[in-house]
Structures are given as C-alpha cells and as structure tokens.
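Biologist: I'm new to this one, so please pick a single part and take me through it closely. After that, tell me what sits around it and how the rest is laid out.

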Amino acid sequence: MKILTTAKKVVDVELTIHVENGAIVEDGLQYVINAWDENAVEAAVQLKENNGAETTLVSIGGSDNTDMIRKCYAMGIENGIHIDDPALDKADSFVFANVLQKVYEKGEYDLVITGKQAQDTDSGQTGIILAEGLGIPCVSNVIDIEVVDDQHVKVSRLGDAGTEIVEVELPAVVTVSDSINEPRLPAMRGIMMAKKKKIEVMDLAALGTSLDEVGGAALKSEVAEFMASESRQAGQKFEGDAAEITARVVDLLANEAKVL
Amino acid sequence: MNPLFMSLLLIVGLAIFGRTMVQKIQLLMALEPTDRVNHIMDRIKNVVIIALAQKRLVGRKKEWAAGIMHAFIFWGFCILLIRSLNLYGEGFVKGFQLPLFGDGSILGYLYIALKDVMEGIVLLMAVYAIFRRAVLKPTRLHNTWEAYFVLGMIGVLMISDLLLDGARYNLIMLHNNPDHLHFFNNPQYGSEFLWTPVSVGAASLISGFSADANRLILTTMFWLHIITQLTFLNFLPLGKHFHVITALPNVFLKNLGYPHEKTKLLDLEDESVWEDESLGINHIHQLNWKQGLDLYTCTECGRCKEVCPTYTTDKPLNLHDFNDTLKAELFDNADNLIKRAKLAATIKEDGDPEQNEEIKAQMAELNSKKPLIGDVISEDTLWACTTCRACEQVCPVTIEHVPRIMAMRQGQSLMAGVYPQELNVALKGLERNGNPWGIGYDKRAEWADGLDVKTMADDADVDYLLWVGCAGSFDDRSKKVSKSLVKILQKANISFAILGKEEKCTGDFARRVGNEMMYQMMAQENIETLNNYKVKKIIAACPHCLNALKHEYPQMGGNYEVIHHTDFIDQLIKSGKITLTKSLEGALTYHDPCYLGRYNSIYDQPRSILEAISKDGLKELDRHGQESFCCGAGGGRMWMEETIGKRINVERSEEIAGQEVATVAVACPFCLTMIEDGMKELDKDEDIKTQDIAELVANNMA
Ligand code: SF4
Ligand code: SF4
C-alpha cells in the first residue's frame, strides 16, 4: 500500500499574534508543523510499521519547510516531496488541493492521509476538495484506521452522534482528528541520519503544471484583513466570609455586569 | 624458619595474585579513556581524608558504631603491614629485624606496642562485625558466606599472631629458651613484653603447656599466619573484598572540582557516531576505566540503596544489584573486551579506510551480546533515578553512579530512541518555545509586568543578570517566588535585569534524560544571548539552572560567575543591604534541594537566613544537609510519571509533617511543587506552608 501524507507549516499558536493595520506582525513569530498533520504523519508511519505500507510526505511552502520534512523523515516517513514555488504564497485551500492532486497523480497512491484542518486557517477543506477533484471517497475527522485488505480500509470517524465506522474502498482520502494518536518525537538518531536523505524539491513547472492550472492565478478566496481576537479580561477573586462574598457577587452581577 | 618452604609459599602466593591482578588491570585498560591524574595534591588530600581517616564511615553519626568498627579494622591492617614484612623476613632469617624497627630503636618498641594493642582491637571488631551481621542484621547489608569467611580469616590472622607472640613469651620467660626469635631486650627500654600486654595475655592462655607444646604452637601459628595471609590476598580480588586493594586508588582517582564526572560534551555533528551507534553507554565496553574500577571497588555495603529515594519507595533501582550486575557483565565479557581493545589499537586515522571498516566490523563482533538496557538492567531501573547524588555522597569509596546512569540514558535517548514517552510533551515544549510547559516563549516575562523590571534588551548595563528559569517564569506558584526575589533585589538597590523572552530553559532536564541534542541546542542559544550582552554575573533562582550555568555551560564557552539566590540574599543580609525582622511565627524546617546541597555545597547560607527570620529557630529534618532526601523531581523525573511504589514527594512530606512545623522552607521551584503537592496529598497543606526562602525573606524585611 502506498500512502501519501501532507504537512503544512503553520504559525505556533502558543504565541500571541499581534495584528497591525490588518496584517499579522511577523516579527517574533515562529512556525511549526500543523498539529493535525503531525497526527497524519504518525498514522502513516504506524501503517508502515504495522502493515508494511510505503509512506510519502508532501509539503507545500518555502525553503524553511525542509527542516520540517526532515523531522517527518526522523519520525519514519520514507520519501519527501517539497513543492516550493513562490507563486503559491497566497494560495488557498482550493489551490493547495489542486497542487496535491498533481502530486497524487504522479505517484499513484492508495491512501491519502491529511490533518482534518490546519491550525492557522482552520478551514478544514483541503483534504475534502482533493478527494472531490480526484473523484475518490473521503472520510473526515477520523480517529482510527484499520487495513482490511489491499482494496479496503475500515476507519472510525467522530460524528455528531457518536463514532461511525466506515469501510471505504481505496484509493481514498482520510482527514484525521488529533485523537487518532499521540505523535512520536522524531528519533534523535533518525534526525541525524535524515540529514543525508534526499528531498524531492519541485516547483509548479517541475510538477508539470502551472499557476493557472491549479487555480492560483484567479484565487477563489483571499484574506481581506486580519483582526486580533480580544483577550479575555482577568477575573476577580473574592476571599473571606461566604455570606459577604455572595452578597457582593450578586451586587456586581446585578449592577456592574447587568446580567441579573 | 624454613627458607625453602617460605620461598615456595611466597612464589606460589604472589604468582597467582600477580596473574589475577594483571588480568584485572588489562580489563580496565580495555575500557574507554578518562583523565584522572591531574592535581596530585588534591588527590592525596582526598586519600588522607576519605580513605585514611575514613571520613564517610566514622563521620556518619547514624552508624557510628559500624564506622568505628570498620575504621579500626582498616587502621589495624595498615599497621600490621610492617609486622608482616618482619614475619616474611623471619621465614628466611632467624631473628630477622626490619631496619629502623629493630632492637635498640624506640621506634621498634613503639611499633610493637601499637601493633599489639591493634591486634587486640581488630579481633574485638571482627567479633563485633560477626555479631552485627548475624544478630543485629542491619537491613542494608546482605549476608553472604564471603563476608563471614573474610571476617573469619581476619580473626585467624589476629589470633595466630597473638598466639605466636604468646608462645614466644612462654618459651623465653617460662622455659628459659632465649634463643628464640625476634626478641627485643634493650637495657634502656627493657623486654619487649613490657610493651605488649595483649600478647602477654595470650601467653597466659597457653602457659600451662610444656615447652615443646609451646614450640609447636609457635611454629604452627607462624605458618598459619603466613598461609592465611597469602590466601587472604588471593581471595580479595575475587569478590567485594577487592576494595581492600582498590579503595585507595579509587578515592585517589575520584573526580575533582565537581562532585562527579561531568557529562561528556558529545560531538553530535560527527556522522560516524550516529552510524556506529557509539554515543552514550549501551554495551559494557563503553564504560570508562574509572567506571570499571568503581565496579571492582564496590564493597556491597548497601549504604547507597539505603539513602536512595527510589529504593526506599519501592522502585526497582537497587544500586547494589545495579553494580553487581554490571560487574558480572564486565567479567563475563573480559576476554572479548581485551581482544576488542587490541583491535581498536590497530585502527589508524590515516590507514586504509576499507581495512579500518573491516577492523570495526570485527570489533562489533566482540561487543557484549546483550545490550545493557533492557537485557541486563531494566528500563524502569534506569529511568527511576532522580540524579539526587545521595548515593554518591554516602559511598565510603566514592563510587560515581550518576554519570553512568546519565550516559546510559544518552544511549537510550539518542541511539535507541527508547525512553518514557511522557517526556515528549516537555521535550517538544523545549524545542519550540524553550520551556517544558510549551507555553509561548513570548509570554516568558509576563510575570514581571508592572514590577518595573528591566530586560537586558532595554539596558544591558547592569551588575547582575537575574536568571529566572522556566518555573519562575511560567508556573503560577513559582512566579510568586520570582516576584519576591525582585522585591528583595529592589529593596537592596541591586542593579539587575532579566533576559525576558530571550531566556530559554538551560536544558538541564533534557541533559539528565539523555537528550544531549536538545540540551546543546538550549545551551548554545542561551550562551549566544548571554555572551552577546557580555553578561558576567548571574543570580540564578533555581538550583538546576545554577548547576547548568555554573558547571556545564563552560564546556560550551559560557563562563559566568553564577550565584544562587539564597547565597546572594545571605550576602545582602550580612552586608546590611537588607534587614530582616525576626518575625516568622511557628516552627520552621528546611528541605535541602539536591542540586543546591550535594551538587553545589550550599548548606549554610539558607540556614543562616532562616535563623535570622524565625522566632522559634530552625528545626532540622531527620534527613538533612548532605543526607537530605530528594523531593523526587530531579533528573527529569519532574516530567515523568511515577507509577511504581510510593511517591517520593509523599515520603518526604510525611517526614516533614512528622516534625510538626508550621513552615517548610525550600530553595528550588521543583522542590516547591513537589513538597506542596505532597502536603496536599497528606491534607496538611493548611497546617504546613511550603515557601521558598525568597518569599520568607520578602515577607520579613524591615
Ligand atoms: S556503591 Fe558505595 S555505598 Fe553502594 S554498596 Fe558499593 S560501596 Fe557501598
Ligand atoms: S542519584 Fe539518587 S535516585 Fe539516583 S541512584 Fe543515587 S540515590 Fe538513587
């Protein structure tokens, strides 16, 4: 079984994002692998270990994605494809999905595993659009993947009403939830050995396509403006006699917060 | 007596002994190198204090009786060495006397008196030792036939020599048979028997026998003594009594300057080490020769396990067995290790690469068949250690356990990639945001908001850098300590700044769990920042940071004068920069943090501060100072689960609660968390407050 998995580089959400004039202040930000993609990579590596699958990772972005790809090697991924084309800087999910489709078509994969969404945009569309474009099944929010045979996998997905177990015919796309696994830390020895491993770097032309073809020339969506989310105000703490506190809280709720 | 028989005994005895020793030394030489022969004077000092004066035995109040027993046996043996030489001489020449120690010299008389009394004492001590093992049965000892056999031999050596002298006394004094051997009778000092009360006592036991019988006793005791002595000598290297021979060299070769061998700065860029999997320790040949000598020297006294926080809380780390297992592994592989080392010596830097590869392949064939971790020592054993050094501090022969454990963890972390997976969260936090909590690095200085604290970026022209540490920056409880410290420094008008979001974890915990790569990453970034600001003096608010900054960063080019906040506060008090009110109510005790006490010898300063604050004075815990009991968080254990046995922090908190104090002072953020949690678990957190010394000082300043 050949698996294609994806990794997007996103801003570290542990950091406070500052916005100025409708744009994110880049200074002081740092970028990490999208947490859900890390789950996808882990899922792929587990399938490799348990079912002898062959794993390939694709990542779209600038040259600083190399480190991330190497870490995925150190986690156990075997092949890495890096789509590095400055023309894709402003791309949205639709464009990404089209690029991924090109990659998919070059490699004839049986299963695509992606994170169910990315921590930066939270749109959760890429995997689904990719499946649509390829005309293959897609299961989202997956928390377990089990190989049935060469042509089928059984996946569990977290639905609104509970867990659904779905048997899908391959090839297929699954987008995974963070509860599917606990991603391993890349092995140290793996990181060092991965330094020498080759990454296949391509721009759109090398991939055999163009910005036009993947829809990047006329974007369907564009970010108009960023706004900082309002930070929560610090709470108040009351100490002392229970009756007094109750009276004070009631008073505050009624007169200051005006919720009573 | 009988030169022929004497020669025969000596040749056989010494030849076998020589052969054993050559094998043992060859084996040590086959191990990895380490440099231990600098600073000779300091080394001699250690030998005098620790070995000759038996400091760790006699000086340990808890077990003074056993300490004195051992010390006297040891001193007795040292003294009897001269006597033995004399006896060997007598074997060849009748009436042989050592130069300087002969008839006519006061030295000879003094020596003979000392030897006589010592033999009596050693005999008593051997009897006590047997009684102690058989009847008192201290739990740390594990009784073996070897121990009794050796004690028996010591008894035989003493009795035979005393009876030998006793028979001689009877022959000379009672049977008027003065031609007998080794007799001092100097007009000035009189007969030697005036000087040897114990032998004279022994003589009275056999005075009823005839001259012939006494003569027979004399000859028999002489040869019994010589034969026992040579048997004893050859028996020593076979078991734990090898320490009789190796203890002195082991103490001489002990690490200097820092309490144990510092973790090696591994060259992680060298590709070959990753290919050969040669980092850390996972096979017995990777021990260095001093670690081998440590194994030879372990006396199996069990003191280490008795003070070990993991063993006492029922975890599988039992240092006594740990050493024993490694020693067995070392001996089992002895031949292969020696062959392997010979092969290694044939590799030439500029030699034919192919040939070198071939040699390396042959060497790999000779590696021990079992990897150490997993097969010889269990993973739970390896990861249990908190690196508290209680074991090393108490070991009478200065065995260094912790560096070995850390190197084994390196092998697991770097090479095998097998380690407690709970660590991943903290390690990932370290990698991304420079702190084990993984909180955004940009929030590192938020605790200081509104306190008017400068960062180095604002103004680097300050006297001190205050190193806050991750806990002091991100942990809500420890942030209060940081604030208190700032209050003190501001009150004392100290010019200081913090690094703010430029500060990163020192990497201490990463190094203790064997993740040298992460450690070096952190250290390198910090050193760049510090050197960039030309920082010279650092006040560290955490003993782990203190230890890393002070002792480990120099390995990577970071040289600073680092002082712990308790030490600094003590100086502020002594120089009158701050004044305290003696207003703390209720009994107070102090929990020594391992990395402050045992690693950095700071015991007095915290106590002197506390004495200055407390109305009721300081009440010491049972286990305090050098024998303080770990809180359970060191060595990266803070970030691992503790699922086996009793929780270490609960054990310690119970001890504190038993003292019925109102406050327990600590001086480390991890101790603070652990002890406070322990108190909560015991439901004592309302009665006993856990506070950092900085908080106590800030609240009790005039
Ligand atoms: S390591 Fe030291 S303390 Fe432990 S048993 Fe051996 S000699 Fe005793
Ligand atoms: S360092 Fe502490 S925890 Fe580790 S073995 Fe020694 S006594 Fe036990």
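**A covered helix and its surroundings**

Modeller: Let's start with helix α11 of chain B: what covers its buried residues includes α1 (3–29), α9 (243–252), α13 (319–332) and α19 (402–416) of chain B. Covering here goes by contact, meaning heavy atoms within 4.5 Å. Helices are DSSP runs of H or I with at least four residues, strands are E runs of at least two, and both are numbered from the N terminus. Before going on: this is a predicted model, where local features need pLDDT of at least 70 and side-chain atom pairs count only at pLDDT 80 or more, while totals for chains, interfaces and linings use all residues. Residues are numbered from 1 along each chain as its sequence is written, chains are lettered from A and ligands numbered from 1 in the order in which they are written, and side-chain values use heavy atoms, with hydrogens and water left out.

Back to α11, which runs over residues 289–297 of chain B and has 8 of its 9 residues buried. Buried means under 20% relative accessible area, exposed over 50%, and partly exposed in between, with a 1.4 Å probe and protein chains only. Those buried residues are B:K290, B:Q291, B:G292, B:L293, B:D294, B:L295, B:Y296 and B:T297.

Now hop over to helix α2 (residues 40–52) of chain B, where you'll find B:R43. B:R43 is buried but has no salt bridge (a side-chain nitrogen of Lys or Arg within 4 Å of a carboxyl oxygen of Asp or Glu). The nearest side chain of opposite charge belongs to B:D35, 6.7 Å away; Lys and Arg count as positive, Asp and Glu as negative, and His and the chain ends are left out. What the side chain of B:R43 does reach is the backbone oxygen of B:R36, at 3.1 Å, and a polar atom of that side chain lies 2.8 Å from the backbone oxygen of B:F252. Setting aside residues up to four places away in sequence, B:R43 touches B:R36, B:V37, B:N38, B:F252, B:L253, B:K254 and B:L256.

B:E275 is partly exposed, at a relative accessible area of 40%. Beyond its neighbours within four places in sequence, B:E275 is in contact with A:R189, A:M193 and A:K196.

Then there are the ligands. Ligand 1 has 13 residues around it, the closest being B:C298, B:C301, B:G302, B:C304 and B:C395; a residue is near if one of its heavy atoms lies within 4 Å. That shell splits into 7 nonpolar, 4 polar and 2 charged (Ala, Val, Leu, Ile, Met, Phe, Trp, Tyr, Cys and Pro are nonpolar; Asp, Glu, Lys and Arg charged; the others, Gly among them, polar). Residues around ligand 2 include B:C308, B:C385, B:C388 and B:C391, and its shell has 8 nonpolar, 3 polar and 1 charged.

Chain B has 30 helices and 9 strands, and 59% of its 702 residues are buried. Chain A has 6 helices and 13 strands, with 42% of its 260 residues buried.

Definitions and conventions
Polar contact = N/O pair within 3.5 Å; in protein donor to acceptor, adjacent residues only side chain to side chain.
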